[in-house]
Amino acid sequence: MDKTIDFEWYKVFYEVAHRGSVSGAAADLAVSQPAVSQSIRNLEQAFGTRLFHRRSRGVELTETGRKLYSYVRESYRLLKMGERAVLELLDLSATSLLIGAPEDLGSYLLTPLLTEFRRRYSAVALHARIRNSREIVQEIQEGSLEAGFVSLPVDTEGLEVRELMDVEDVFAAGPQFAELKDTKISGPELLKLPLAAPSEKSSPRSILNSFLQPPANWVPAYETDGPEGIRRFVSAGLGIGFLPRSILDLSAPEEDLFVLNLSGDLPLRKVSFVYRRDVSPAGGLELMLDLIRNFQ
């Protein structure tokens, strides 16, 4: 590099790469197009290489430009998070928290925690997206979610993990399968029955598959993201359902649902709160972590 880089050039570079055009970046930055072009030339001269290919309909990052953009984009995201954190410290009403939660956790198990958060911090705008645990982790890593509740096992590389609770998953049936009530049943035997299962990419499905050891071509009789659909499947007498015991406990007495006795053990599912390890908790995230510490 043959000269000191002005960090304003990085801002211009980010906008041009983000918009894919000099004119679009100039409009966003409220500066002239020649000024934007000059900043890009200055940055390219400083690195001694081209960062953009000029096209008839805009610009396109070179291989070097794409590498630089990946770092500049991340730095820009962190700066925006820092800016928001400072504003939130000055005004709690400006504080927000965007989290993810799987349907079986967000709808039932986490309700007391989220209710208490809203009671304590009513000025904080709490937003929740229903996703499966893998999607939540991916969106946190990408920065589109600040944090989330997930069921382990799931790959949490780069994330801070705060364990919350254990969830017991069970196989449940209705009176139509009363003959199974006083017997122990194995995974291979369960595979011969109509089963309602969580979706393929969910953490509960991983636990289910580890117990059943199904063949590669196995397809459950019913598959859904949420446990409520599985409970209804079981209640209708259509088959056996795999769902959290806490969901089963909410069923009406007249449904007469029962838990099957298994010949093997099902591991408990670990529920954790996760967020990026490289982010210092502030604002709504800091408040949620404080509540979790006192909630356990």
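Visitor: Where is Lys 201?

Guide: Lys 201 is in the loop between strand 9 (195–198) and helix 9 (203–212). Helices (H or I, at least four residues) and strands (E, at least two) are DSSP runs, numbered from the N terminus. This is a predicted model: local features need pLDDT of at least 70, side-chain atom pairs count only at pLDDT 80 or more, and totals for chains, interfaces and linings use all residues. Residues are numbered from 1 along each chain as its sequence is written, and side-chain values use heavy atoms, with hydrogens and water left out.

Visitor: Is Lys 201 buried or exposed?

Guide: Exposed, with a relative accessible area of 58%. Buried means under 20%, exposed over 50%, partly exposed in between (1.4 Å probe, protein chains only).

Visitor: What does Lys 201 touch?

Guide: Asn 132 and Arg 134, not counting residues up to four places away in sequence. Contact means heavy atoms within 4.5 Å.

Visitor: New topic. What is the strand order in the open sheet of five strands?

Guide: The order is 10-9-11-7-12, with mixed pairing. Two strands pair if DSSP finds at least two bridges between them.

Visitor: Which strands stand at the edges?

Guide: Strand 10 (222–224) and strand 12 (258–259). Each has a single partner strand, so one side of each is left without a neighbour in the sheet.

Visitor: And in what sense do strand 7 and strand 11 pair?

Guide: Antiparallel, over four bridges. Phe 171 has Phe 242 in strand 11 as its bridge partner.
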